[in-house]
Every structure is written in structure tokens, then in C-alpha cells.
Amino acid sequence: MNWNLFLTELVAGISHGSVYALIALGYSMVYGILKLLNFAHGDVYMVGSFIGFGIIGVFGGATNLSVSVWVLLFLMLLGAMLGGGLLGVMIERFAYRRLRNAPRIAPLITALGVSFFLENAAQLVLGAQYQSYNSFSWKSPIALDHFTLPAHAVISYAEVIIIVGTIVLVVGLTLFVQRTQLGKAMRATSFDREAAAMMGIDVDNVIVATFFIGSALAGAAGVLNGIEYQQVWPYMGFTAGLYAFIAAVVGGIGNLPGAVLGGLTIGLAQAFSIGYISSTFSDAVVFAILIAVMIVRPSGLLGRAAVQKV
Amino acid sequence: MATDPTDPNAPRVGVDEWVASHEQRRVRRTGLLGVVERELERVPSPAFYLAFGVAAAILPALTSNGYVIKVGLDTLLYMLLALGLNITVGYAGLLDLGYVAFYGFAAYGYAMLASPKFGLHWATVGVIPLVVLATVILGFLVALPSRRLVGDYLAIVTLFFGELFATVYQNGEHMSLLGFTKAKDVTGGPNGIPNIDQFHVFGARIGTLNYTAYYYVALIFFMVLLLAMYLVDRSRTGRAWKSLREDPLAAELMGIPVNRLKLVAFACGAGIAGLAGTVFAAANTAVFASEFDFTSGLLIIVYAMLILGGAGSLGGVILGALVVNVSLEVLRTPGHATWVFYVLIAGTLVARVRPWRWLALVIAGTAGFGFVVHAIVSAAWPRGVHGQAPVGGVLGSGLGHWVILPSNPMTIGNVAFVFLVLAVLALTLLRGWAQRLAMIPTLYLAAFVWENRLAVEPSVTRLILVGVILIVLMNARPQGLLGTSRVEIV
């Protein structure tokens with residue numbers, strides 16, 4: 001067996017899957033509370049990525065950074081998370097809030113409209129061309145270089161940063177949802193919005209917080225993805241958002257560990273099908289997984305089957 | 001209390017009393033407008049469809065302008081697409097986001113069977129039914145695993161299916177069956193399939209790029225399908241679809257075969273898209289996969305048409321496609337677009353700002369604000385007014401003295417665009433006089449952004465506007481222009 005290819009694809013799959021997982025978490029959180037597929041979520045990821053790109057520019061560009069890489073990384077993540085979070089809150093306030101009790105199809109189509117607006121507005125303001133993080137030319141104090149595992153598998157530090165960053169964020173989110181008062185309110189609202197409101201939970205606040213946190217995670221994912229895969233462009237959110245979506249559905253939408261599991265599943269499936277079959281068919285493999293999960297376990301790998309109450 | 005069935009005022013069996021009397025409680029306009037509205041409502045809708053058909057049929061006789069005919073053909077193709085989508089989304093309420101893939105599948109299907117690509121030049125009368133049938137089967141196959149899913153899951157599966165289609169066709173120049181067969185060029189990859197045969201029936205052949213002929217072909221297809229849809233709308237199946245849309249659970253309990261109806265709705269929608277696809281391929285003589293992916297905006301545009309007209313309404317399909325496609329075409333020329341922009345803004349103000357004193361104040365205030373800003377900028381920063389308005393004539397020279405037109409508007413225009421979005425959003429939060437006053441700088445900012453950024457990049461602006469239409473429409477009038485609003489019974 002070719003261990004080199006296997007290890008390379010394994011790490012690539014996990015790092016790609018981590019990015020999907022971070023985006024999928026936001027989808028899942030919002031879906032859990034509002035039962036809304038927020039199509040614009042992928043575009044929040046795109047905006048986060050561009051914020052990171054802008055911050056590199058502020059500190060002198062990739063080739064002659066005026067700060068250390070660690071500081072830069074921290075600022076990029078902070079900026080992208082704040083910016084993404086605020087964008088998410090604005091989208092909720094201005095596009096979705098009035099439609100909370102509308103027929104299901106209305107917010108879905110609005111979400112498509114928001115997504116399309118963000119993509120094209122980004123194209124107008126930022127240009128249609130690809131931009132690059134150039135993170136491989138960052139020099140001080142560490143270079144985001146490659147190192148070699150046994151069997152000559154080349155792994156980049158960026159992949160390690162993605163994986164570690166995702167673990168930190170996911171652990172933080174889990175602690176937040178499980179241990180804090182707001183997290184408890186979120187779980188209650190997602191369980192039954194009306195009952196939560198009757199128990200004195202300010203549902204509006206909870207929804208805003210959910211959008212902020214979910215979108216902040218997407219913003220962070222945008223930066224992490226940029227470090228490894230370099231390129232940012234206005235339409236990047238659509239494809240990534242779509243995969244993240246599928247990840248959320250495969251793992252069980254509305255279920256946070258499920259989103260992470262789904263993200264890793266999709267990332268690995270994609271990486272291995274690119275490595276062992278062909279890149280043309282990686283989409284088909286992902287589609288096959290989605291269809292298979294929908295048929296065998298319609299509520300997702302970790303989701304609980306919903307009982308419809310009338 | 002027993003009701004007398006012959007009494008015309010008695011509630012009909014199976015009809016909720018409140019819903020049944022909903023016509024009488026409607027607030028009607030008074031005066032001349034009200035009379036016109038009432039008279040129009042008495043005209044049966046087929047008369048409108050017929051009027052549209054006649055008007056569309058004589059259009060090529062009125063103009064020899066090839067561009068107008070081409071736009072007309074595009075609009076008819078959009079109408080066909082919207083008509084098909086109307087079945088899936090409008091009647092059955094299934095959110096099909098992979099709809100454009102069926103269109104593309106059929107366009108490619110026609111291209112493969114009738115072009116030098118594989119040396120096949122099959123007769124049109126055979127290819128069209130075959131391709132439509134194949135598209136219907138594809139629709140079945142896509143719907144099959146998803147029919148048990150709730151609306152949202154269906155949306156994801158179909159959206160991904162649409163992207164999968166585009167990716168596979170985009171990369172189909174070295175296609176092999178999972179590595180088992182030798183790689184073969186199937187779809188031409190990014191180069192698409194060129195030199196597609198024209199329609200030819202029993203020796204008669206449509207000339208290459210003869211858009212007038214295709215215009216009539218599309219018109220005939222559309223009118224026939226429109227009639228069919230009008231009949232379906234009132235048939236058992238049509239009513240069953242609509243009940244499915246309103247409440248799938250209740251429909252199922254009433255004994256309606258929900259799964260089968262979903263499949264049929266999906267397949268019918270796909271079939272109509274397939275028909276449109278064959279005309280598209282033959283009329284344009286070439287197909288490219290990139291025309292059918294999400295970034296092309298085709299999906300969103302068709303949805304915007306359907307939603308604008310009102311999902312579930314046949315007249316809405318015609319109106320929506322006309323309004324959206326004609327406005328998108330007008331936006332291509334900055335000169336025309338600028339006129340439309342200002343007329344639209346003025347119209348919105350007249351319609352929304354009441355009483356008229358406030359309207360006068362806002363308009364006068366905006367004009368005055370503009371001249372003051374222009375004067376200050378031209379004194380402090382002369383290069384800020386050196387640019388050229390994208391429109392000539394009276395409007396252009398007037399604007400030149402009112403809007404700031406920097407000689408290099410890229411950066412400042414982009415920043416202003418972001419601020420404009422924020423300002424419009426903030427405007428929706430304000431109430432009363434604060435809102436009216438805030439309108440003045442916002443309107444000026446809108447004009448500034450329009451002149452400096454939006455009007456000069458029509459291709460992006462069109463798509464931005466489609467997104468905005470969807471958001472605003474869904475928030476303001478979810479049932480669309482001609483749709484009937486749902487009566488919620490709890």
C-alpha cells in the first residue's frame with residue numbers, strides 16, 4: 001500500500017473536513033433554532049476570508065509582514081470572527097426576522113437572495129479575480145512550511161494550524177453550549193421555541209447570539225482555509241457552503257457533534273476520492289454519500305428521528 | 001341549524017365559512033381605479049393569455065430589430081422555465097434548486113444527438129421527444145430518493161445535484177466510467193459543444209441564427225403548455241398538488257397519494273425545462289456547462305421571475321418573466337439603466353412617502369443637498385467632480401452638476417457602496433420624521449454609488465439587483481404580484 005498517498009490524503013481530508021465542520025456548525029445551530037436553511041452562511045465564510053486577507057494587507061502584505069505570524073494569525077481570526085458574526089447578525093435582523101412566521105418557502109428564497117446579493121456585492125467591491133494569502137512566504141518567527149512524516153508524506157504546518165484551531169473552537173463551543181446560561185437558553189429554544197419563550201427566555205436575544213456565534217465560526221473557517229489553500233474569491237462561499245451543508249445533513253442537522261462528524265466525513269471522502277479515483281468524481285462520491293445517508297438514516301448519522309406533532 | 005343547499009349565501013360543503021366569504025370582506029379601491037379593477041377581475045384569465053399570445057405573435061411583424069427578437073426569444077425561454085418551475089414550486093411546493101440542471105441536461109442532450117460531436121444528426125421530431133423523455137426520467141430519479149424528505153432536505157439534495165451536473169459536464173472531456181473504461185471526451189469540457197444542428201422537420205430547416213423562427217417555436221410551445229397548465233390547474237391533480245403545498249400531512253390524511261404526486265410534479269417540471277433546453281441549444285448553436293451553474297445566476301433569475309409574478313399563478317409566470325428579463329436587458333446599457341433608476345426611485349417615493357408635503361420636502365431636500373455637496377466638493381477637491389456621467393443628454397448634464405463624479409471613482413465608490421447598504425438597512429429601522437430626514441442623504445448616496453460604480457458595471461449590478469428583488473419582495477409581499485395571499489387557518 002502507498003502510505004505516502006494515504007497519509008497525505010488523510011491529513012488533507014481532516015483539514016478540509018475541519019473547515020467544513022466549522023461552517024456546518026453554524027448551519028446546524030441556526031437550523032436547530034429557526035428551522036431555516038441559511039444559504040447565506042457560506043458567504044459569511046467568504047467575507048471572513050476576505051477580512052483575513054485585508055488584515056494581511058494592513059500589516060504590510062504577505063512578503064514583508066510587520067508583525068510576528070502568531071500576532072497576525074490571532075488578529076486575523078479575531079477580525080474575521082467579529083466581522084463574520086456582525087454580518088450574520090445583520091442578515092438575521094434585516095432579512096429573516098420578519099419572516100419568522102411566514103410560510104417555510106419564503107425565508108428559504110430570501111436566503112438565496114441574500115447569498116446572491118453578498119456574492120455579487122463582493123464581486124463589485126473586491127473584484128472578481130482570485131486573491132492569495134501567500135501564507136507560505138510568511139517568515140517570522142516561524143515559516144508556515146512543510147514537514148515530513150514517516151513514509152515521506154509531506155504535511156504543512158498550515159494543516160496543523162487548521163486542525164488545532166478547529167479543535168479549540170469546537171471545544172470552546174461545546175463548553176459554551178453545555179455550561180453557560182446562554183448556551184442552556186439556546187438548547188431550550190432549539191428544543192421548543194414557544195415553550196422557551198413562555199419560560200421567560202428572550203428568544204430574540206438567543207437567535208441573535210446563535211447567528212453571531214455560528215457566523216463567527218464561519219469567519220474563522222474562512223481564515224483557516226485561506227492559510228492552507230491560499231485563494232480567496234467572491235464565489236468561494238457557494239461551494240464551501242454547499243459541502244458544509246451536506247456535512248450538516250449527513251451528520252444530522254441541528255446536532256453539533258453531528259456537524260463535526262459530517263464535516264470530517266465529507267472532507268475525507270472528498271480527499272480520498274480525489275487521491276484514488278479522480279477529481280471529477282469527487283463530487284459524485286459526496287453526492288452518493290448524501291443520498292445513501294438520506295435513504296438509510298434520513299435524520300443523519302447522529303440525528304434523532306423527528307416525531308411530527310400535529 | 002340545517003342549511004338550505006339551494007341558498008346561495010349558505011356556506012358550501014367543504015369550504016371554510018370564513019374563507020368562503022373572504023371575497024366580500026376584501027377592501028376594494030373606490031373611484032375610477034376601483035371600477036377598472038373590478039372590470040378586469042371579471043375578464044376570464046384565458047382571455048389575458050390569449051391577448052398575450054396575440055401580442056407576442058405580432059411582435060416580430062412590428063420590428064425588424066434582431067436584438068429585440070433575441071430578447072423576446074430569451075424571455076420566452078425564461079417563461080417556459082418559469083412555467084415548469086411553477087409546477088414544482090408553485091403548485092406542489094417542492095423547493096427544487098437543481099432545476100437548471102434539467103435545462104442544461106436537455107440542452108446537452110440535444111447537442112449530443114444533433115451535432116458533429118458524435119456525428120449524430122438525428123431528426124428533430126425524434127430528438128425532442130427523446131430528450132424530453134430522458135429529462136423526465138432524470139427528474140424521477142432525482143426525486144426518488146428525496147421524495148420522503150421534508151422540504152429543506154429536498155432543497156439541499158437538488159441544489160447539490162445542480163452543482164454536480166455543472167461540474168461533471170464542465171470536466172467531461174476525459175470521462176471514464178470510474179477508471180474502468182478508457183477516458184473519452186463526452187461533453188467537450190469547458191469548450192462545450194459547438195455547431196449544433198438547427199431544427200429541421202420533414203425537409204424544412206430553420207436557418208442558422210434565425211431567431212425569429214425560434215421565437216415562434218418557443219411561443220407555440222409556451223402557449224400550448226400554458227393552456228395545458230390552465231387545465232391542470234383546475235383538474236384533480238392540480239388541486240391535489242396545491243393541497244400538498246398547503247399542508248402535506250393533512251393532504252395525506254385525506255387520502256391524497258403524496259409521494260406519487262411529488263414525483264409527478266418533479267418530473268413534469270423537469271420535462272418542461274427539458275423542452276426549453278432543446279430550443280435553447282438549437283437557437284444558440286452551442287452549449288457550455290458554465291451557463292448552467294449557480295454562479296451564472298440562471299437559477300436565481302428564474303426563481304426571481306416566479307416569485308415576482310407570484311408562485312402558483314400562471315399570469316404571474318408571464319408577468320414575472322417579462323418584468324425581470326426586460327429590466328435585466330435594459331440594465332445592460334448604462335444610458336437606459338440610469339433613466340430607469342431615477343424613474344424607479346421617484347416612483348417608489350411617490351408611492352411610499354405620504355403625505356405629499358413630506359414627499360416634496362424629501363425631493364427638494366435631496367436636490368438641494370446634492371447641489372450643496374457638489375459645490376463644497378468642487379471648491380475643496382476639484383478632481384472630485386471631473387468624472388463623466390454614464391448618461392448623456394439633459395439628464396447627463398444635469399447630473400454632472402449635482403452628483404460628485406470623481407475622476408477615479410473605484411475605491412471611494414466601493415466604500416460608498418458598503419455605506420449605502422448600511423444606510424438603507426438603518427433606514428428601515430427609523431420611523432417618522434427621522435426616517436424622512438435620513439432619506440435625503442441616503443438618496444444622494446444612492447445616486448452617487450449608482451453613477452460611479454453600479455451603472456458602469458452592469459453585469460454585476462444586474463445580479464445584485466436580482467438578489468435585492470428576492471429579499472425585498474419576500475419581506476414585503478411574499479405572494480408576489482399576482483399571487484393570492486394564503487389564508488392561514490389555525
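**View 1. Helix 2 of chain A against helix 8 of chain A.** Residues of helix 2 of chain A, among them His41(A), Val44(A), Tyr45(A) and Phe53(A), meet residues of helix 8 of chain A, including Ser215(A), Ala218(A), Asn225(A) and Gly226(A). Contact means that C-beta atoms, placed from the backbone, lie within 7 Å; helices are DSSP runs (H or I, at least four residues), numbered from the N terminus. By class, this contact has nine nonpolar, nine polar and no charged residues. Asp, Glu, Lys and Arg count as charged, Ala, Val, Leu, Ile, Met, Phe, Trp, Tyr, Cys and Pro as nonpolar, and the others, Gly among them, as polar.

This is a predicted model: local features need pLDDT of at least 70, side-chain atom pairs count only at pLDDT 80 or more, and totals for chains, interfaces and linings use all residues. Residues are numbered from 1 along each chain as its sequence is written, and chains are lettered from A and ligands numbered from 1 in the order in which they are written.

**View 2. Helix 3 of chain A against helix 8 of chain A.** The two axes, lines fitted to C-alpha atoms over the stretch in contact with angles from 0 to 180 degrees between N-to-C directions, come within 6 Å and cross at roughly 140°. The contact includes Met76(A) and Glu92(A) of helix 3 of chain A, and Ile207(A) and Val223(A) of helix 8 of chain A. Its residues divide into 14 nonpolar, eight polar and one charged.

**View 3. Chain A against chain B.** Chain A gives 43 residues to the contact and chain B gives 47 residues. On the side of chain A that touches chain B, helix 4 of chain A gives the most, with 15 residues. That side has 34 nonpolar, six polar and three charged residues.

Definitions and conventions: Two residues are in contact if their C-beta atoms, placed from the backbone, lie within 7 Å. Helices (H or I, at least four residues) and strands (E, at least two) are DSSP runs, numbered from the N terminus.
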